Amino acid sequence: MPYPVLPRIAASFAQQAMMRTIGAQIVAAESGCCEISAPLLPQMGQQHGAGHAGVTFALGDTAAGYAALTVMEPEREVMTAEMKINLVAPAVGVRLIARGRVVKAGRRLDVVTAEVEAEAADGCRRLVAVLQGTMVPVDQA
């Protein structure tokens, strides 16, 4: 994704304690799209050695949410109303990359989607999850 991170998105993301905990960073965010990556650390694993689905979900949900925020009015923030995930492969690799995008933006609801890939040490990527959901604009805290 060739776009820079919008200052408003970067400021909001900086408040995300969960994303700090997993070492996530926004790679890019521009109108209707957002990319976030995080290292796939050993403490994020499940009993089979793959990354835990909760980490995959959190990263995809956050990328989709910030994609939605890029198209919302400046005085608004974003919250997830609902999100569905399809886990299509184990999250095995050195990092996860989530790309969120807005499918349809509205005044009260934004339909969003995200794809999460696992990147191996050699740079090869494999799709591990597809998410679809609804975001709602809310007043800033």
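Here are legends for a handful of close-up views of this predicted model.

Residue numbers start from 1 along each chain as its sequence is written, and side-chain values use heavy atoms, with hydrogens and water left out. Since this is a predicted model, local features need pLDDT of at least 70 and side-chain atom pairs count only at pLDDT 80 or more, while totals for chains, interfaces and linings use all residues.

**View 1. The open sheet, strand by strand.** Six strands line up as E1-E2-E4-E5-E6-E3 with antiparallel pairing. Strands here are DSSP runs of at least two residues (E), helices are runs of at least four (H or I), and both are numbered from the N terminus; two strands pair if DSSP finds at least two bridges between them. E1 and E3 sit at the edges with a single partner strand each, so one side of each has no neighbour in the sheet. From one strand to the next, the twist averages 20 degrees. In general, strands of a sheet pair through backbone hydrogen bonds, either parallel or antiparallel.

View 2. The antiparallel strands E3 and E6 are joined by 11 bridges.

**View 3. The largest nonpolar core.** This core has 37 residues, and the ones touching the most other members are Ile-22, Ala-24, Ile-36, Leu-59, Leu-96, Val-128 and Met-135. A nonpolar core is a set of buried Ala, Val, Leu, Ile, Met, Phe, Trp, Tyr and Cys residues joined through side-chain atoms within 4.5 Å. Buried means under 20% relative accessible area, exposed means over 50%, and partly exposed is in between (1.4 Å probe, protein chains only). At least two core residues come from each of H1, E1 (25-30), E2, H3 (53-69), E3, E4, E5 and E6. H3 gives the largest share, 9 residues. Zoom in on Ala-24 and, leaving aside neighbours within four places in sequence, its contacts are Phe-13, Met-19, Ile-36, Ser-37, Ala-38 and Leu-59.

View 4. Glu-35, Arg-95, Arg-99, Glu-117, Glu-119 and Arg-125 are linked in a network of salt bridges. A salt bridge puts a side-chain nitrogen of Lys or Arg within 4 Å of a carboxyl oxygen of Asp or Glu, and the structure holds 6 of them. Glu-35 meets Arg-99 at 3.2 Å, N to O. That pair links E2 (residues 33-39) with E4 (residues 95-105), 64 residues apart. Glu-35 is buried at 6% relative accessibility, whereas Arg-99 is partly exposed at 27%. Arg-95 also pairs with Glu-119, with the closest N and O atoms 2.7 Å apart. Arg-95 lies in E4 and Glu-119 in E5 (residues 110-119), so this pair ties together parts 24 residues apart in sequence. Glu-119 is buried at 12%, and Arg-95 is partly exposed at 25%.

**View 5. Asp-139 and Arg-76.** These two side chains meet in a salt bridge at 2.5 Å, N to O. Asp-139 is in E6 (residues 125-139) and Arg-76 in E3 (residues 76-87), 63 residues apart. Asp-139 is exposed, with 61% relative accessible area, while Arg-76 is partly exposed with 21%.

**View 6. Arg-8 on helix H1.** Arg-8 belongs to H1 (residues 7-13) and is partly exposed at 27% relative accessibility. A polar atom of the Arg-8 side chain lies 2.9 Å from the backbone oxygen of Glu-73. Beyond neighbours within four places in sequence, the contacts of Arg-8 are Leu-69, Met-72, Glu-73, Pro-74 and Arg-76. Arg-8 and Leu-69 are 61 residues apart in sequence, with their C-alpha atoms 9.0 Å apart in space.

**View 7. Thr-134 and Glu-82.** Thr-134 sits in E6 and is buried at 13% relative accessibility. The side chains of Thr-134 and Glu-82 make a polar contact of 2.7 Å. A polar contact is a pair of N or O atoms within 3.5 Å; within protein, one must be able to donate a hydrogen and the other to accept it, and residues adjacent in sequence count only if both atoms are side-chain atoms.

Note on methods:
Contact means heavy atoms within 4.5 Å. Axes are lines fitted to C-alpha atoms, for helices over the stretch in contact, and angles run from 0 to 180 degrees between N-to-C directions.
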